[in-house]
Amino acid sequence: MARALVILTSLLAFSNVLSAFSPTLIRDMAKVLMDNYCSPEKLLRMEEAIETASSNTEILGIQDPTTLASVLTDGVKNTVRDPRVEVTYEPDYVPVVPPPMPDIPPEQLAAVVRGTVNVEVLEDDIAYLKIQHIIGEEMAQKIGPLLLEHVWSKVLPTSAMILDLRFAVTGEMSGIPYIVSYYTDAEPLIHIDSVYDRPSDSTTELWSMPTLLGKRYGTTKPLIILTSQNTVGVAEDVAYVLKNLKRATIVGEKTAGGSVKVEKIRVADTDFYVSVPVAKSISPITGKSWEVKGVTPDVEVGAEDAVDTALAIIKLRAKIPAIAKAAASLIAENYAFESTARNTAGQLEALVSSGEYNMISSGKQLRDKLSADLTKLSGDSCLKVTDNAPMMLPTDASPEMLIELIKVSFQTDVFENNIGYLRFDMFGEFNQIPVVAQIIVEQVWNKVVDTDAMILDLRNNAGGSLNPIAGFSSYFFDVDKEIVLDRLYDRPSGTTKDLVTLQELTGVYPYPTLHPYTLIIRRRYGSKKSLLILTSGATAGAAEEFVYIMKNLGRAMIIGEATRGSCQPPKPFQVGDSDIFLSIPTTHSDTAQGPAWEGAGIAPHIPVPADVALDTAKGILNKHFSGQK
């Protein structure tokens, strides 16, 4: 009833215009909508509103019929919220009836076809087909052979096609199945559209066609459809169908949001007409309609840039098979676990062959999909696409700058009972820069090395480099004997190497505050003092390797949550000559001593939520030291 009252409000003032117009004009106009508008649900209880409006005796002083038509248009549009409805005053209007197609000589008909359809074969064997009017079934039957000869025969052998509908403003609904079917397979038949016709209160289902004149373009070659804000009506339907069948990529601007069928209907015996959409399309694929809203492109660019964008997409897609093959080869040859490597590589190539990558439209989309697929296929979040831009320490920074960097990268404290606390969130290549290594000794290590027990906080340590692990682990063992920390299998070389403690933690460093080339001896924490390591689900990579070593050798108590179950630090590999780099784990811990932590994580000795792990560790140590007093 509320909608009906809105209609009443919109139309009431116009119910009895000066004697120049029929007093029943409003009722007659509303009847046109009631009987023909494609969405009757928007006109609920309109009859009651019409009767109320028609009985009103107010007289509006609009004497100009064109002005009145404009005002009525605004009222109706605001009521049904449909910009396609329009009221016009056209005393000289003559309905356009398409004349029957004359019998003209074939050569003249061929010239007409060539003049109305623009077809080219561009560089790289890409077809370009521009259509301004979509012909219907009757016309297709008459000029089909000419279209095949002068248009289709040129584009059929190409490797990709650009179908330009930017200027397609007219068309016949019966032409929709024809166009769609040339880009689908003969079997199975596809229900591509359902069109409800209001005057007849009937729904017509549109299906792909089992037989066509000439060969189909098929379903595997790239198809890009260009659209603009002027693309309207039947052309919109074609674009929407092929988009939602995932057969075409739409490039350009959002379309007009027209209708599959609009009729101009005279209001009784007046010179007023109502242009009203009498039919509407409902997609059986999406359950929605493109009408009014328009078709949103997959890649939105200005209409003037659509061709160049389409060409770039087609060229990118042409490279994908080679990129996938190169990526699969890198994984098969380098991924740490051979069985997983072989399976992942094969499944990736199968995905590409199956058409999973056929709708890729940008380099970013390709990288994102490739990365997600590699992670899913392998079950390893470390196997993915990377930007190949590792964080590097500034090698030319001043000592003062390096000191500040170290201060924000490391956190130290000494708690009650001389309990040391050390936190850092990344294993860096500090030993590769002597100045930085010495600053860490002075600014970090020397603050906690003399404590009676240590809490090492790795709850937020995301990993980093594997290179410092042997040296850092060595600080927590004695110098008297070499200890095998872990055995690491390297897939690219097929070798296994021992990760062992370092006998000497010394170095010769040029450092400004010391005599040039001073020998610095770094003190160990040793194996006798208590070491508690805090972990969480964020503890990953190189940090997990360190935790694994300390737990496996019985050197530390692990408190907190199970670690992430990440991987040994991966290495970047360029995929062919593309700008894509893969992050591939190439090593794993020796599984002879039990299951690897990679992919599984490391369980703590004392499982507690990460946010209480520090208090738990402090409590354990305080209790221990209290018992000694």
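Predicted model: local features only at pLDDT ≥ 70, side-chain atom pairs only at ≥ 80, totals over all residues.
Guide: Residues are numbered from 1 along each chain as its sequence is written, and side-chain values use heavy atoms, with hydrogens and water left out.

Visitor: Why is Ser566 called buried?

Guide: Buried means under 20% relative accessible area, with exposed over 50% and partly exposed in between (1.4 Å probe, protein chains only). Ser566 comes in at 8%, so it counts as buried.

Visitor: What is Ser566 in contact with, leaving aside its neighbours within four places in sequence?

Guide: Contact means heavy atoms within 4.5 Å. On that basis Ser566 is in contact with Cys382, Ala540, Gly541, Glu544, Trp597, Glu598 and Gly599. Ser566 itself lies in the loop between strands E25 (557-560) and E26 (571-574); strands (E, at least two residues) and helices (H or I, at least four) are DSSP runs, numbered from the N terminus.

Visitor: How do you know that E20 and E28 pair?

Guide: Two strands pair if DSSP finds at least two bridges between them. E20 (residues 484-490) and E28 have three, in the antiparallel sense.

Visitor: What makes E21 and E28 edge strands?

Guide: The open sheet runs E21-E20-E28. E21 (495-500) and E28 (587-589) each have a single partner strand, so one side of each is left without a neighbour in the sheet.

Visitor: How does the span of H4 compare with the expected one?

Guide: The expected span is 1.5 Å times one less than the number of residues. For the 16 residues of H4 (65-80) that is 22 Å, and H4 reaches 22 Å from its first C-alpha to its last.
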